Amino acid sequence: MTILDGKKISNDIKEEITEHVKSMVSKGEKVPHLAAILVGSDGASMTYVNAKVKACERIGFNSTLIELPEYTTEQELLDKINALNTDSNIDGFIVQLPLPEQIDEQKVLMAVDPDKDVDGFHPVNVGKMALDLPTFLPATPFGILELLERYQVETSGKHVVVMGRSHIVGRPMSILMSQKRKAGDATVTVVHSRTKNLSEITKSADIIVAAIGISEFLTGDMVKEDVVIIDVGITRVPDATKKNGYRLAGDVEFESVSKKASYITPVPGGVGPMTIAMLLKNTLLARERHN
């Protein structure tokens with residue numbers, strides 16, 4: 001069994017981007033600039049955004065963090081997005097989700113300029129992705145493709161089961177894995193919490209991408225020998241043996257599933273670091289397009 005080490009691969013990618021940025025500086029080119037908007041003080045969101053800002057500093061990008069209070073109105077946020085859309089210094093930006101309940105997430109995602117949408121969530125970019133046209137791929141699915149490719153996991157002709165149908169992971173993952181690409185060319189089945197005979201389907205899978213949002217949902221008796229497991233989930237599970245009273249768990253019950261798996265991502269240290277690395281890769285792509 002091989003651990004798909006997202007931490008190591010993401011560091012490799014960051015090193016590659018760092019070298020690219022040094023080359024840009026030596027040629028007198030403008031370095032990439034990523035901005036992030038954070039509304040409110042959700043703990044997980046703050047952690048994610050700070051990790052992205054630190055990653056920018058490490059690889060030589062410019063970064064701007066815009067923090068808005070919880071009571072920010074929808075119009076105030078839309079005005080801020082419009083300012084970033086028209087700011088030629090900003091190559092790409094993200095609006096950290098979730099947003100407070102007074103703000104319509106759909107309206108916000110639609111307001112982002114597709115050419116600066118380094119999260120890859122705008123309908124224009126989602127449409128381009130579906131048609132296999134050059135675009136920004138959503139960072140988490142992009143990171144999973146990169147992980148599979150760098151570990152040379154064979155995907156062509158394999159049966160991939162994607163657990164979950166979210167617009168951020170499940171749906172784009174199913175589209176990308178079915179396309180003709182190095183990490184792709186697979187036969188894809190999408191399942192979710194309402195799927196009947198779920199275990200029968202997961203047992204037939206060569207590769208499982210678990211993004212169903214239920215802690216330790218996928219167990220050893222639901223998979224076959226030599227399955228490849230990509231665990232996208234991350235949840236705090238109470239654990240009295242830990243100093244802070246909890247441990248981080250994925251959507252996969254690691255102990256039982258890892259006994260059968262040929263490859264598996266850990267939680268933490270698997271998909272999470274890859275998401276940030278691919279966001280940086282998208283920002284570099286945005287800068288090169290603007291050049």
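Reader: In which loop does glutamate 216 lie?

Author: In this predicted model, glutamate 216 has a positive phi of about 50° although it is not a glycine. Most residues other than glycine have a negative phi. As for its place in the chain, glutamate 216 lies in the loop between strand S7 (207–210) and strand S8 (228–231).

Reader: Is glutamate 216 buried, partly exposed or exposed?

Author: A residue is called buried under 20% relative accessible area and exposed over 50%, with partly exposed in between. Because the relative accessibility of glutamate 216 is 25%, this residue counts as partly exposed.

Reader: Is glutamine 152 buried or exposed?

Author: Glutamine 152, which is found in the loop between H6 and strand S5 (159–163), has a positive phi of about 55° although it is not a glycine. The cut-off for exposed is over 50% relative accessible area. Since its relative accessible area is 71%, glutamine 152 is exposed.

Reader: What kind of peptide bond joins valine 267 and proline 268?

Author: Most peptide bonds are trans. Proline 268 has its place in the loop between strand S11 (263–264) and H10. With an omega of about -5°, the peptide bond that joins valine 267 and proline 268 is cis.

Reader: Which element gives the largest share of the lining of the largest pocket?

Author: The largest pocket has a volume of about 1,600 Å³ and is lined by 49 residues, with Tyr48, Val232, Ile234, Gly272 and Thr275 nearest its centre. Several elements each supply at least two residues of this lining, including helix H1 (6–26), helix H2 (43–59) and helix H10 (271–290). The largest share, nine residues, comes from H2.

Reader: How many residues of the lining of the second largest pocket are nonpolar?

Author: About 280 Å³ of space lies in the second largest pocket, and of the 14 residues that line this pocket, the closest to its centre are Gln106, Leu109, Phe121, Val126 and His167. Helix H4 (105–111), helix H5 (123–130) and helix H7 (170–178) are the elements that give two or more residues to its lining. When the lining residues are divided by kind, three are polar, two are charged and nine are nonpolar.

Reader: What accessible area do Met1, Ile3 and Phe254 have together?

Author: Isoleucine 3, which lies in strand S1 (residues 2–3), is partly exposed, with a relative accessible area of 34%. A residue can belong to a patch when its relative accessible area is over 30% and it has no salt bridge. Met1, Ile3 and Phe254 form a nonpolar patch on the surface, and their accessible area together is about 270 Å².

Conventions
Residues are numbered from 1 along each chain as its sequence is written. This is a predicted model: local features need pLDDT of at least 70, side-chain atom pairs count only at pLDDT 80 or more; totals for chains, interfaces and linings use all residues. Side-chain values use heavy atoms; hydrogens and water are left out. On a 1 Å grid over the protein atoms alone, a cavity is a set of points where a 1.4 Å probe fits but cannot get out, and a pocket is an open set with protein on both sides within 12 Å along at least five of seven lines; lining residues have an atom within 4 Å of a point. Grid points are joined across faces, edges and corners, and a volume is the space filled by probe spheres set on the points. Helices (H or I, at least four residues) and strands (E, at least two) are DSSP runs, numbered from the N terminus. Ala, Val, Leu, Ile, Met, Phe, Trp, Tyr, Cys and Pro count as nonpolar, Asp, Glu, Lys and Arg as charged, and the others, Gly among them, as polar. Patches are made of residues with over 30% relative accessible area and no salt bridge: like charges are joined within 9 Å, nonpolar side chains (Val, Leu, Ile, Met, Phe, Trp, Tyr) within 5 Å. Accessible areas come from the Shrake-Rupley method with a 1.4 Å probe; for residues, only the protein chains shown count as cover. A salt bridge is a side-chain nitrogen of Lys or Arg within 4 Å of a carboxyl oxygen of Asp or Glu. Buried means under 20% relative accessible area, exposed over 50%, partly exposed in between (1.4 Å probe, protein chains only).
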